[in-house]
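Subject: Structure handover

Hi,

My notes follow below it.

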Amino acid sequence: MRKKLIDISWDAFRALPVAEKVPYLNPVGGIPYHTLFAQQFDRPLLERLGTLANSIRTIAKTRSGMDFLRQLISHKRAMLYFSQPSSRTFLSFYSACQILGMPTGEVRDTATSSEFKGESCEDSVRTFSSYFDLIVMRSPEKGLAEHMSWVLSNAERPIPVINAGSGQDQHPTQALLDIYTLQRSFERAGGLRDRTIVMVGDLARGRTVRSLAQLLANFPNIRQIFVAPPVFQIGTDIQEILRAKGVDFELTGDFHSVLPQADAVYMTRIQDEWDDETHPSRAVDISNFKFGLRELALIKPQTVILHPLPRRDEISTDIDRDPRAMYWRQMRNGMWIRAALIALTFGCENRILEFHRANV
Ligand code: NCD
């Protein structure tokens, strides 16, 4: 039977393990209505999104293609609600909406919204649902997008929510673009399988790796190596999920010894905006967790280097021009995969694939 968010209380929904939340979030045909967690995406869905993103990317190369794309969702509007700093994620969602002809509104600072006057976030979001048809939201609070998805499913005018970063917990659409970048990087060499992916940096507080590790678990024979000083190592919750799925993974502090095995190196910055007594970044020596010319000499000729950006100095600008430095292309991929996700959410997949078949 179809599971609906209007049939379950918020407290009961909140208490479910994520795997049991998925049927409520992907109610029809396994397609996300609300996109909150990486666990909502299995391998067929990831392949399907990649195919759709490829079609959109190809169609968008011509004026007639852009004209076609721009009328697809021109009758719907999106609210970009970002109460935490963002450049890339915000701009790529904004561009993705533009590609699909979807007008956008934005709140980027709660000081400029009525929350400042004491309105609850719940009421603010309900207000958005009076004017908009989609909410893309980034928040410093872990469960807020999830709560809002429940609120909005129960509102007079239900609309979908896409999580664009929830505290230190998850960043599912970043993981989608990371997977899309890996799929593209390996597409002429057997695809995303039988690879070693090395993830480096602040894995304790970085939400991108927490989502990516779970998506990678969908692909065959992917070995995951987490490289960090002990205080920044990947959470035990993610380790348990990987163990339960039988994923081959390893934790290490020795970056240089694992570099020669890597097919992809995913660098991340230290997330010092979350510093507290248990994670005082300045007290941790991170000098051995940086990628520069010395590290470039240790990787294979086909290994790709990724970073969700923004970077500090964990990737040296010296390597930006190396063909293996994939982070700029990775960033642009975010626009295509987010356009694909929105198109899928609003039921435009078949029209896009048909146009692609007929015209390209
Ligand atoms: C990441 C984020 O916000 O989690 N940035 C992004 O969305 N590209 C990574 C980061 O801030 O370090």
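Where is the place of Asp194? Asp194 sits in the loop between H8 and E5. Its phi is near 50 degrees, a positive value in a residue other than glycine. Asp194 counts as partly exposed because its relative accessibility is 45%. For the terms: buried means under 20% relative accessible area, exposed means over 50%, and partly exposed lies in between (1.4 Å probe, protein chains only). Helices (H or I, at least four residues) and strands (E, at least two) are DSSP runs, numbered from the N terminus.

This is a predicted model, so local features need pLDDT of at least 70 and side-chain atom pairs count only at pLDDT 80 or more, while totals for chains, interfaces and linings use all residues. Residues are numbered from 1 along each chain as its sequence is written, and side-chain values use heavy atoms, with hydrogens and water left out.

Overall picture

The protein chain has 14 helices and nine strands. Along the principal axes, the C-alpha atoms fill a box of roughly 55 × 55 × 40 Å. Of the 360 residues, 58% count as buried. Contact means heavy atoms within 4.5 Å. Among contacts in the protein chain with a separation of 6 or more, 76% come from residues 24 or more positions apart.

Helix H8

H8 covers residues 172-185. Its 14 residues should span 20 Å at 1.5 Å a residue, and the end C-alpha atoms are 20 Å apart, which agrees. The expected span is 1.5 Å times one less than the number of residues. H8 is mostly covered, with 12 of its 14 residues buried. Among them are Pro172, Leu176, Leu177 and Tyr180.

The loop between E9 and H13

Pro308 is in the loop between strand E9 (304-306) and helix H13 (327-345). Pro308 counts as buried because its relative accessibility is 13%. Pro308 and Leu177 are 131 residues apart in sequence, yet 9.3 Å apart in space, C-alpha to C-alpha. Not counting residues up to four places away in sequence, Pro308 touches Arg88, Gln174, Thr208, Tyr266, Met267, Thr268 and Gln330. Pro310 is also in the loop between E9 and H13. The peptide bond from Leu309 to Pro310 is cis, with omega near 5 degrees.

Other sites

Thr196 lies in strand E5 (residues 195-200). It counts as buried, at 12% relative accessibility. Leaving aside neighbours within four places in sequence, the contacts of Thr196 include Arg223, Ile225 and Gln261.

Asn221 also has a positive phi, about 55 degrees, although it is not a glycine. It is in the loop between helix H9 (207-216) and strand E6 (222-227). Asn221 is exposed, with a relative accessible area of 56%.

Arg351 is in helix H14 (residues 349-359). At 41% relative accessibility, Arg351 counts as partly exposed. Not counting residues up to four places away in sequence, Arg351 touches Phe68 and Leu72. Arg351 and Leu72 are 279 residues apart along the chain, with their C-alpha atoms separated by 8.7 Å.

Best regards
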